[in-house]
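Subject: Structure for you to look at, with notes on the chain contact

Dear colleague,

I am passing on the structure we spoke about, and my notes follow below it.

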2 protein chains.
Amino acid sequence: MYLVKVYVMYKDSILDPQGEAVKGAIHRLGYLAVEEVRIGKYFEMKLSKSDADIEKQVNEICDKLLANVNMESYRYEIVEEK
Amino acid sequence: MYLVKVYVMYKDSILDPQGEAVKGAIHRLGYLAVEEVRIGKYFEMKLSKSDADIEKQVNEICDKLLANVNMESYRYEIVEEK
């Protein structure tokens, strides 16, 4: 079994209005040290072991489904579990 | 400057219908090795350095704003940057 953790974020060049809104809310709570907030998505997938190349599969799933590669970048970690 | 990475996930006891829907879509693409998908939120915050206790601030921001502690659990990493 593999545990795959995928992080999807807007690219730096893309504005993140949701993050700006959360930053405003954090400031109104009084935490003025927070200078920037960006919001992304986080996916945890469990994959059964197979002969297929797991990195290739994860790349394809991210490109086709989990991330909009025009606006978002992604990275992932693969953890092997018993 | 600190970079704080916050991961918010539904607790294991809470159903994640969005994750189930994504799993269905992944299966329809032909990746049948994927057995479970859970979706969470990912926040990156930049905090300026101050005398205040950064862990305390981050805990408070998560409890009050970023996570619904009844249904969600969170974890975070704090990275010190120059």
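Predicted model: local features only at pLDDT ≥ 70, side-chain atom pairs only at ≥ 80, totals over all residues.

On chain A, the elements that give two or more residues to the side that touches chain B are β1 (2-10), α1 (17-28), β2 (34-47) and α2 (54-66). The largest share of that side comes from β2(A), which supplies 14 residues. Sorted by class, the side of chain A that touches chain B holds 19 nonpolar, 3 polar and 10 charged residues.

As for its extent, the contact draws 32 residues from chain A and 32 residues from chain B, and the area buried between the two chains is about 3000 Å², with carbon and sulfur atoms giving 63% of that area.

The strand β2(A) also pairs with strand β2 of chain B (residues 34-47), and the two run in the antiparallel sense over 13 bridges. Within this pairing, I39(A) stands opposite F43(B), which belongs to β2(B).

In general terms, side chains of opposite charge can pair when their charged atoms come close. Between chain A and chain B the count is 2 salt bridges, while over all chains it comes to 10 salt bridges. One salt bridge is formed by the side chains of K46(A) and E36(B), at 3.7 Å from N to O. Because K46(A) lies in strand β2 of chain A and E36(B) in strand β2 of chain B, this pair joins two chains.

Finally, how are the two copies related? A rotation of 180°, with 0.0 Å of shift along its axis, superposes chain A on chain B with an RMSD of 0.0 Å, which is the relation of a two-fold axis. In chain A, the C-alpha nearest that axis belongs to K41(A), and it lies 2.4 Å from the axis. The same surface serves both copies, in that 100% of the contact residues of chain A recur in chain B.

With best wishes

Terms used. Residues numbered from 1 in each chain as written. Chains lettered and ligands numbered in written order. Heavy atoms only, no water. Contact = heavy atoms within 4.5 Å. Buried area = accessible area lost by both parts, 1.4 Å probe. Salt bridge = Lys/Arg side-chain N within 4 Å of Asp/Glu carboxyl O. Helix = DSSP H or I, 4+ residues; strand = E, 2+ residues; numbered from the N terminus. Nonpolar A, V, L, I, M, F, W, Y, C, P; charged D, E, K, R; others polar. Pairing = 2+ DSSP bridges. Least-squares fit on C-alpha atoms with pLDDT ≥ 70 in both.
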